[in-house]
Amino acid sequence: MAVCKEMTLRTRAMVLSSGLAVLAAHVMPVMLAMGAEPVRSISQQAPAAATDEISSARGLPDLPPGVLSLDEAVTADTLATLAGRVGWQRLAADSQMAPVRVTVTPVEAAGRRIGHQVQAAFVIRTPLETFQDDALAAETLGLQANTAGRMARPLTTDECTQAGLEAAGANTSFAVLNLTLLNRVDLQGVVRAERRDGESGFELAWVFDHRFDRFPSLRAHSQRRTANALGETVREDPQPYAGAAGVLVVREVRGMAADPEESLLVVESRLAFAEPVAWFGGSNLLRAKIPLLTQEGVRTLRRRLATVPTSAAAGDAAH
């Protein structure tokens, strides 16, 4: 019988950082350290978890088309396309302040905006083994803090059993996410993630799993924060949330830097998420913040990686 597994530390890290956290101030750094067993091939148009019958994305916008692939060679043309107007030389600059290319596209239906597509690309100057270190993921996420301070927790065995996940794939993992967007909206939901590994990188797909919506403590929902007459923060009634989904591809390349022996990690994140009009009154507030929040998240990740000794990384890779 298949087992409902909790997300590993790296899996939770990557889901938050490469996907949902782009909605908040935690985007890239969290999802970029995720670790789960290899899984079946993932569709380039949408994660497997987002397209099967039991985990319907409920009208979620399609993902933007991808550039990086786990199965095809990374060529100079690939990198040029990924960098776009930023240019490969700038994108791969040897600096913690190197740019992040972020494209945000609003998605409309029936004449109104229902969500966004976000595509981000950047370069990390570190070996793949260092990037996936569990200790680094813990530090980046602040997971040494108490449970109340965490943005994600694994699903318990009882929760899995209640949801009837005997049919879940053996290579699937789950976590409950709790995020606050721009101090205005609280967001919760169970995220399902799948990972596929290759010789020089990995591909990660994740999606809000609506099978848990019948459980009040796990259902995907959002709550607006408002102020009462005394200026105190109050939360409105929770509202069902359509969800979010994404795909992250990380590829290690050589010969693309000034030092031909230096390893570069090229990262592409694609996600789509629903934005109810009630969140920010139909304004462009969230859309305008995403590029800056993503850039800040990547810089935080780079700073963390810069503190990891080479010897320690080599030791981790040996185990």
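Reader: Which residue in β5 is the bridge partner of alanine 152?

Author: Strands here are DSSP runs of E with at least two residues, and helices are runs of H or I with at least four, numbered from the N terminus. Two strands pair if DSSP finds at least two bridges between them. In this predicted model, alanine 152 has leucine 177 of β5 as its bridge partner. Strand β4 (residues 152-154) and β5 run antiparallel, joined by three bridges.

Reader: How many bridges join β5 to strand β6?

Author: There are 10, and β5 and β6 (residues 185-198) also run antiparallel. Leucine 179 stands opposite leucine 187 in β6. The hairpin of these strands has three residues between them, and leucine 182 takes a positive phi near 50° there.

Reader: Why is β5 described as largely enclosed?

Author: Look at burial: buried means under 20% relative accessible area, exposed over 50%, and partly exposed in between, using a 1.4 Å probe and protein chains only. In β5 (residues 172-181), eight of the 10 residues are buried, so the rest of the structure largely encloses this strand.

Reader: Where is the kink in α10 centred?

Author: A bend is the angle between axes fitted to the seven residues ending at a residue and the seven starting there. In α10 the kink is about 30°, centred on proline 291. Buried residues of α10 include Leu286, Ile290 and Leu293.

Reader: Where in the chain is confidence lowest?

Author: Check pLDDT, the predictor's confidence in each residue, from 0 to 100. Where it is low, the predicted coordinates should not be read in detail. The chain's mean is 75, with 69% of residues at 70 or more. Confidence is lowest in helix α2 (residues 27-31), at a mean of 36, and highest in helix α4 (residues 76-83), at 96.

Author: Residues are numbered from 1 along each chain as its sequence is written. Local features need pLDDT of at least 70, side-chain atom pairs count only at 80 or more, and totals for chains, interfaces and linings use all residues, while side-chain values use heavy atoms, leaving out hydrogens and water.
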